[in-house]
Amino acid sequence: MNQTLIEKYGLHRPEYETLLTQYVQSIAALFDVPVAFLGISDNDTLWIKAGVGTNVEQVPLHDAICNLVFETNDLVYIPDTTQDPRTSKKPAVIADHGVRFYAGVPFSIQSHTIGSFCVIDSVSRTMSEKELKLLTGFARHVGQQVELIYKNIRTEDEHQLLNNSPAALIRWQLRPNFQTSYLSANMSKLLGITIPQDVSLFKLDSVIHPDDTDNFLFTVRNHQQGAEICECDFRIKVSGNRATWYKLVSRAIFEGKTVIAIQGLLLNNTEQKYLESRIMDTNERMRLLLEASGLGTSDWDIENDSLRVNNRICDILKLHPDSVDTQSMFWMQLVHPADKEKLVSQIEHSLKSKNAVVDIEYRLRDAEGQYLWVETYGKVVTRDEDGRALRFAATHRNITEKKLAELHAEKQRRLFGFINHAQNLFVAQKDLQLACEQIFPELMELAESAYGFIGKMECENGVPCLQIYAISDVSWSESSKAEYNKFKQGELRFTNLNNLFGHVVTSNSPVMANKPMMHKASKGTPSGHPVLKRFLGLPIQRDGRVVGMIGLANKLEDYTQQDVEFLTPLTETLANLFKAVEVEQARFEAEERLAYLAATDPLTGLMNRRAYFDQIQQRAAVSNAPHGLAIVDIDNFKLLNDGYGHPVGDKVLKEVADVLRRNIRNNDMVARLGGEEFGIYLDTEDSEVCQKILQTMLEQIKQITLNTEQGPLNHITVSIGATMFRKSPQAIDTTYFDIAMKQADDALYDVKRSGKANIAWYGAPVEALNKPSLSEVKH
């Protein structure tokens, strides 16, 4: 530090040290002291400069008496150092012929104390107050001397730097007339011309290139009119008709409001001009390339949030350049809502990551409200020393035509896959509503719509209506929730077709309403219903008539004829599916009818023998519990047929069948086994219950009366053979049932043999009209 301080103020240079030494000698002689010097201090050393009466160059600061001056930053006056406790043990005091008297004063440069000026003697002595004030004044003068030396050195250095620099100084005075008053020594070298010895004869405008003279004169006039700082570029003519570019940065000096002088700094600007020319050429080539390529460019000053674009972007978006805002928010609000999050995410990643780029395709809204597809490639081109992004540059290309073609091809591929999926679902499930519900979310995505439904035309009480097979859940109130629950149960129908939806059906044509409230068929929406911003209704047609419709609503962009054409294959597919539903329903009903006929006796409508046997075996296969089984036979049926004729016989069969049908319970079964025989299966383990049911049947049949041509026919009776049976663990499916039927048939034979018109249980006497306990019945 001490060497730096001494060198800084020139105290190491002989010419200045000699000057200071002479000054110190004069003061020492004035005070009649043998020793005087300047002490410059650093942290631990006192450096002695301009010394008189001493050859010492440095001493440790803590041993030096001058340290007291630095500690107090004030005058230190010690008449006898041996008597002062602060100095009595200092090395300079206890040495032979040591210091006995000391007076020191601090001196400062630029308000900073850098040293002390002191006078010393080897004998004790006193100084008057006047002498001490004089010593303090001398110290102040020493500081001023050192400060002048410092300023002189700086001036010399500045002149040296200026003379060796690529810049030169020039000064003009304006009064009494405009002329050169100062030129730095390097001006001739800088300009490469000879400068007159009398600088007032030098006229800068005389050596400036004629094409640039006006630039210089314009600068001078600006100063004269009050401009303080100006700059201009011009060329200086040199030998060989060559010209060198210079930049003049000038400043006016005022006296009041009047310019009295102009100072200028002149720099060689040839390299900068060359670079600017190269940059301009490069920029022009780049501009031509960008125009040829159709690329737009943007330059985002992130710190000031200023985003500048070229005219190509304005052309792409149909924006007038004057209407373009430079804030990034202006551009972000043009981004399609569905693309904004993706774009922001990429930009944020690029700003944070050093080598990350933005490479993205997204949509921008043009001045006409239409969305265009744009491809953007960009990256951070400037960062600060902490890596924070400062500038972001990007190129932009309109790829709408290409992107729409790609999207259309992709949507077509997805649509056909979607149609195939719908057909497969229907074929697999045979359920139109389930198939429509499963494909509905994908339909909404393909149609880019928020709401929608699929409906099929049906009739309710002779009135056409739309049966809804798929619909968006827009339960906005209790009533609408109830309507949506109806849909979930397959019961939702639109019976009112006097509205925008119904207009699709009644007009048998697509309805496109991008402003639904303005459409002639619009009746508004129910209270609380989401607002319909856009609507598209597509009829589902077969053989020229409407068989259903698709309703779509609230696409972010307007619906267009392209949407209608795109979804036409789907409406055609749904028309075929609706037809398939009708065919499938007819087939199902036919199969149901055939199955019914195959299992039903055509005369009585009862189950036939085969269906009866199959049902009993199916039930017994899952249960080993006892069940009642009976055979009912109409008594004397052959005589009745022969006496009254077959039509009457058929009526008797039907009447008996009705009695039997009325008296069985839900899980019981009755069947016509053939001829005049009927079979009864009673699903109970209780034999008393079986007896009561059979007895009721027996009594009610006796009450049958038929009117015939021969007169009333009554007293119709039946004989019933019954048994309780269960499946034996050892029996196979066929044998146990055959055994049970044989038991019932045997019991029937007993009734017939005993006089008919009665009930007999297998293993019990016929006379016992009340069924014996189960324990008495043979199994």
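**Strands, helices and cores**

Visitor: Which residue in the turn between strand 15 and strand 16 has a positive phi?

Guide: Strand 15 and strand 16 form a hairpin, with five residues between the two strands. Helices (H or I, at least four residues) and strands (E, at least two) are DSSP runs numbered from the N terminus. In the turn, a positive phi of about 85° belongs to G387.

Visitor: What pLDDT do local features need in this model?

Guide: Residues are numbered from 1 along each chain as its sequence is written, and side-chain values use heavy atoms, leaving out hydrogens and water. This is a predicted model, in which totals for chains, interfaces and linings use all residues, side-chain atom pairs count only at pLDDT 80 or more, and local features need pLDDT of at least 70.

Visitor: How many bridges join strand 12 to strand 16?

Guide: Two strands pair if DSSP finds at least two bridges between them. Strand 16 (residues 389-398) is joined to strand 15 (residues 371-383) in the antiparallel sense by nine bridges, and V380 has F392 as its bridge partner there. Strand 12 (residues 295-301) also runs antiparallel to strand 16, with G296 bridged to H396. The number of bridges joining strand 12 to strand 16 is seven.

Visitor: What share of the protein's residues counts as buried?

Guide: The secondary structure comes to 22 helices and 30 strands. Buried means under 20% relative accessible area, exposed over 50%, and partly exposed in between (1.4 Å probe, protein chains only). Of the 779 residues, the share counted as buried is 43%.

Visitor: Which residues have the most contacts inside the largest nonpolar core?

Guide: A nonpolar core is a set of buried Ala, Val, Leu, Ile, Met, Phe, Trp, Tyr and Cys residues joined through side-chain atoms within 4.5 Å. The largest such core has 35 residues. Those with the most contacts inside this core are I634, V652, F678, I680 and L694.

Visitor: Which helix gives the most to this core?

Guide: The elements that give two or more residues to the core include strand 24 (627-634), strand 26 (677-682), helix 20 (646-663) and helix 21 (687-702). With seven residues, the element that gives the most is helix 20.

Visitor: At what angle do the axes of helix 20 and helix 21 cross?

Guide: Axes are lines fitted to C-alpha atoms, for helices over the stretch in contact, and angles run from 0 to 180 degrees between N-to-C directions. The axes of helix 20 and helix 21 come within 10 Å, and the crossing angle is roughly 150°.

Visitor: How many charged residues does the contact of helix 20 with helix 21 have?

Guide: Contact means heavy atoms within 4.5 Å. Helix 20 makes the contact through V656, V659, L660, R662 and N663, and helix 21 through I693, T696, M697, Q700 and I701. Ala, Val, Leu, Ile, Met, Phe, Trp, Tyr, Cys and Pro count as nonpolar, Asp, Glu, Lys and Arg as charged, and the others, Gly among them, as polar. By class, there are six nonpolar and three polar residues, and the number of charged residues is one.

Visitor: Which strands stand at the edges of the five-stranded sheet?

Guide: The five strands form an open antiparallel sheet in the order 8-7-11-10-9.

Visitor: Which residue in strand 11 is the bridge partner of R171?

Guide: Strand 7 (residues 167-173) and strand 11 (residues 258-268) pair in the antiparallel sense over seven bridges. Helix 8 (residues 213-224) lies across strand 7, strand 9, strand 10 (243-255) and strand 11. In strand 11, the bridge partner of R171 is Q263.

Visitor: Where is P176 placed?

Guide: The peptide bond from R175 to P176 is cis, with omega near 5°. P176 itself is in the loop between strand 7 and strand 8.

Visitor: Is A50 buried or exposed?

Guide: A50 is found in strand 2, and its phi is near 50°, a positive value in a residue other than glycine. With a relative accessible area of 2%, A50 is buried.
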